[in-house]
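Hello,

Here is the structure we talked about. My notes follow below it.

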Amino acid sequence: MKNIFLYLLLGLLGLSMIVTVDLLAGISFSIQVRTFQNIFATTTVQESVAMPIFLSLPLINPIVMYLKKRNRKPSK
């Protein structure tokens, strides 16, 4: 669970750093939002398939560990 939290925290910190640098450069927040919308609007099919795969990678290890723990418990 800590790994998932750290993954999300690093993602949020990265996005906040991008937004902060753009604000310091004088770019308005509405232009930043439009830029993010354009990035996702112009993705190709391959990129659209790859994004969920890479976003789910940090979740695979905790799910597998949970399933292993659950299967190891002796049933009564």
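**Surface patch and helices**

V45, V49, I53, F54, L57, I60 and V64 form a nonpolar surface patch, with about 650 Å² of accessible area together. Patch residues have over 30% relative accessible area and no salt bridge, and nonpolar side chains (Val, Leu, Ile, Met, Phe, Trp, Tyr) are joined within 5 Å. Areas are Shrake-Rupley, with a 1.4 Å probe. A salt bridge is a side-chain nitrogen of Lys or Arg within 4 Å of a carboxyl oxygen of Asp or Glu.

This is a predicted model: local features need pLDDT of at least 70, side-chain atom pairs pLDDT 80 or more, while totals for chains, interfaces and linings use all residues. Numbering starts from 1 along each chain, and side-chain values use heavy atoms, without hydrogens and water.

I60 sits in helix α3 (residues 45-72); helices are DSSP runs (H or I, at least four residues). I60 is partly exposed, at 45% relative accessible area (buried is under 20%, exposed over 50%, partly exposed in between).

M51 is also in helix α3. M51 is partly exposed, at 30%. M51 and L12 lie 39 residues apart in sequence and 16 Å apart in space, C-alpha to C-alpha.

Best wishes

Notes:
Patches are made of residues with over 30% relative accessible area and no salt bridge: like charges are joined within 9 Å, nonpolar side chains (Val, Leu, Ile, Met, Phe, Trp, Tyr) within 5 Å. Helices (H or I, at least four residues) and strands (E, at least two) are DSSP runs, numbered from the N terminus. Buried means under 20% relative accessible area, exposed over 50%, partly exposed in between (1.4 Å probe, protein chains only).
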